[in-house]
Amino acid sequence: LDPISIFMTHLSNYGNDRLGLYTFRHLVRFLNSWTNLKLQTLPPVQLAQKYFQIFSEEKDPLWQDPCEDKRHKDIWSKEKTCDRFPKLLIIGPQKTGTTALYLFLGMHPDLSSNYPSSETFEEIQFFNGHNYHKGIDWYMEFFPIPSNTTSDFYFEKSANYFDSEVAPRRAAALLSKAKIITILINPADRAYSWYQHQRAHDDPVALKYTFHEVITAGPEASQKLRTLQNRCLVPGWYATHIERWLNNFHANQILVLDGKLLRTEPAKVMEVVQKFLGVTNIIDYHKTLAFDPKKGFWCQLLEGGKTKCLGKSKGRKYPEMDLDSRAFLRDYYRDHNIELSKLLYKMGQTLPTWLREELQNTR
């Protein structure tokens, strides 16, 4: 008495053969001849709507590694080799130093970053948003065609992957062997930096409210204010977000960097990064980086002693955080920081210097 649905995808079979069409057509003939089922169909768009009404879980695609199936590889062109996918993802979070790491990695002769996006600049933002529905061919176009697959090591940085609920599962499905790097600073400082970032970009909510008003806003606050509050506070739930990545990647694929140390001793941090990536050539970043006193951070050292630094928006100076906000955030993040310390011990990773300081203050 229950309806029976028969669907066939519009995608052709491997090698564009006609076996799928043949099977589907003969299945329909069989049902017409040997059953009393009354077969009906709908126009394509209505049929698609009906399909997703029945199978709602399939509305969101999950792109998997096409090279896991030999039949895919046999019909692919050279431009679609899986060596064109990145082997490293810098996942964020935002305002922790990901752009600096992106620049430093790009200085290594064995590492190649993605092409810039016209919309999001150096970030592709594939796994976390609407770009994911553009497919893996779209994603692949952001990386060069490999010249030597044994040495080409591609990477990309999208800082909003870190706290995305969907990015870890999507990334693991397509890039199961990829390595993951996240950079953590004191979550209170990260929250304040994001607020100041929004003010600098003329966010009307950030311009209207003080930082303390934003982080302490209650449930009765406007939706726009609560949205800014969430973008300030939620990415700082570090343990929660790292756990989500650990549910999809092995612990030895994930490296947690101390953002404070990256800012003060980048060459030391880059030694750790190179060992983690397993690159053949270990570069001495003491010789390729120089501190720029005007900028207040480390920059790429060029010939003649000149430096190439990040853009004007990086290293922007802003007032110190007020003491009330600092106290509020220390209490707000206390349990999150404790959970982070437990998680990092479990992963066998070194606690960041700022985390040690925060844990001492909670005793």
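Relative accessible area sorts residues into buried (under 20%), exposed (over 50%) and partly exposed in between, with a 1.4 Å probe and protein chains only. By that scale D60, at 35% relative accessibility, counts as partly exposed.

The structure is a predicted model, in which local features need pLDDT of at least 70 and side-chain atom pairs count only at pLDDT 80 or more, whereas totals for chains, interfaces and linings use all residues. Residues are numbered from 1 along each chain as its sequence is written, and side-chain values use heavy atoms, with hydrogens and water left out.

**Salt bridges**

A salt bridge is a side-chain nitrogen of Lys or Arg within 4 Å of a carboxyl oxygen of Asp or Glu. Three of them are tabulated here.

| Pair | N to O distance |
|---|---|
| R170 and D60 | 3.0 Å |
| R334 and D331 | 2.6 Å |
| E339 and K342 | 3.7 Å |

Helices (H or I, at least four residues) and strands (E, at least two) are DSSP runs, numbered from the N terminus. The salt bridge between R170 and D60 links distant parts of the chain: R170 belongs to helix 6 (residues 167-174), while D60 lies in the loop between helix 2 (44-54) and helix 3 (70-75), 110 residues apart. R170 is buried, with a relative accessible area of 7%. R334, the partner of D331, is partly exposed at 26% relative accessibility.

E339 and K342 are both in helix 15 (residues 334-347); because they are three residues apart, about one helical turn separates them. E339 is partly exposed, at 42% relative accessibility. Elsewhere, salt bridges with shared partners join E122, E123 and K157 into one network.

**Nonpolar cores**

A nonpolar core is a set of buried Ala, Val, Leu, Ile, Met, Phe, Trp, Tyr and Cys residues joined through side-chain atoms within 4.5 Å. In soluble globular proteins, nonpolar side chains tend to be buried together. The largest core here has 40 residues, and L89, F127, Y139, W245 and L340 have the most contacts inside it. Elements that each supply at least two of its residues include strand 1 (88-92), helix 6, helix 11 (238-246) and helix 15.

Contact means heavy atoms within 4.5 Å. Leaving aside neighbours within four places in sequence, F127 is in contact with residues including L89, Y139 and R170. Another core, of 29 residues, lies apart from the largest one and has L88, Y102, V269 and V279 among its members.

Two strands pair if DSSP finds at least two bridges between them. Three strands form an open sheet in the order 6-7-8, with antiparallel pairing. Strand 6 and strand 8 (307-308) stand at the edges, each with a single partner strand, so one side of each has no neighbour in the sheet.

Strand 6 (residues 289-292) and strand 7 (residues 297-301) pair over four bridges. Within this pairing, F291 stands opposite W298, and Q300 is the bridge partner of L289. The two strands form a hairpin with four residues between them, and G296 in the turn has a positive phi of about 90°.
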